[in-house]
Amino acid sequence: MAGRDLSQVDIVKVGTMQKPMILPMPGNENFARELAFAGGGEVTAIETRRFPDGETYLRLLAPVKGRAVDVVATLAGPDPDFLRLAFAADAARAHGAARVRLVAPYLAYMRQDKAFKPGEAVTSDTFASYS
């Protein structure tokens, strides 16, 4: 194997060759394509929209059963985007993904890692507990 370029080698899973599935949240499609190119992944898509009452609809558009799924989401504006991210990760797990990981160039709520005043939320702990 000396001298072999391993940058495009697929992930081996239970005797089969599978590329990781890269699932970009809205607004993260370009970064997802760059990750796929660099790491040999396969970019897939979701369908998402808002119901009239403001709730989120989300649907995975490709089967994930037995696949490694990397959900790509910057959380620079986390409050409006987090539920969509949580729904996508839960849907991938519910539909049989072998593994679900978050790829986040910016991870929100990490500043508050301890309570400084009585009653303050430790948001980093809360946010991490959802992984």
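Modeller: Let us begin with confidence: pLDDT is the predictor's confidence in each residue, on a scale from 0 to 100. This is a predicted model, in which local features need pLDDT of at least 70 and side-chain atom pairs count only at pLDDT 80 or more, while totals for chains, interfaces and linings use all residues. Residues are numbered from 1 along each chain as its sequence is written, and side-chain values use heavy atoms, with hydrogens and water left out.

Colleague: Over which residues does pLDDT stay under 50?

Modeller: That stretch is residues 1-16, for which the model has 18 contacts (heavy atoms within 4.5 Å) beyond four places in sequence. Where pLDDT is low, the predicted coordinates should not be read in detail. The chain as a whole averages a pLDDT of 84, and 85% of the residues score at least 70. Confidence is lowest in strand S1 (residues 11-13), with a mean of 39, and highest in S6, at 95.

Colleague: In what order do the strands of the open sheet lie?

Modeller: Strands (E, at least two residues) and helices (H or I, at least four) are DSSP runs numbered from the N terminus, and two strands pair if DSSP finds at least two bridges between them. Here four strands form an open sheet in the order S4-S3-S7-S8, with parallel pairing. Strand S4 (42-43) and strand S8 (99-103) are the edges, each pairing on one side only. Strand S3 (residues 21-24) pairs with S4 over two bridges, and the bridge partner of methionine 21 in S4 is glutamate 42.

Colleague: Which strands does helix H1 lie across?

Modeller: Angles run from 0 to 180 degrees between N-to-C directions, using axes fitted to C-alpha atoms, for helices over the stretch in contact. Helix H1 (residues 29-39) lies across S3, S4, strand S7 (68-72) and S8, and runs at about 165 degrees to S3. Helix H2 (residues 78-94) also packs on the sheet, touching S3, S7 and S8, and its direction makes about 160 degrees with that of S8.

Colleague: Is threonine 56 buried or exposed?

Modeller: Buried means under 20% relative accessible area, exposed over 50%, and partly exposed in between (1.4 Å probe, protein chains only). Threonine 56, found in strand S6 (residues 56-60), has a relative accessible area of 16% and is therefore buried. Not counting residues up to four places away in sequence, threonine 56 touches several residues, including Arg50, Phe51 and Phe87.

Colleague: How accessible are phenylalanine 51 and tyrosine 57?

Modeller: Phenylalanine 51 is partly exposed, because its relative accessible area is 35%, and tyrosine 57, at 22%, also counts as partly exposed.
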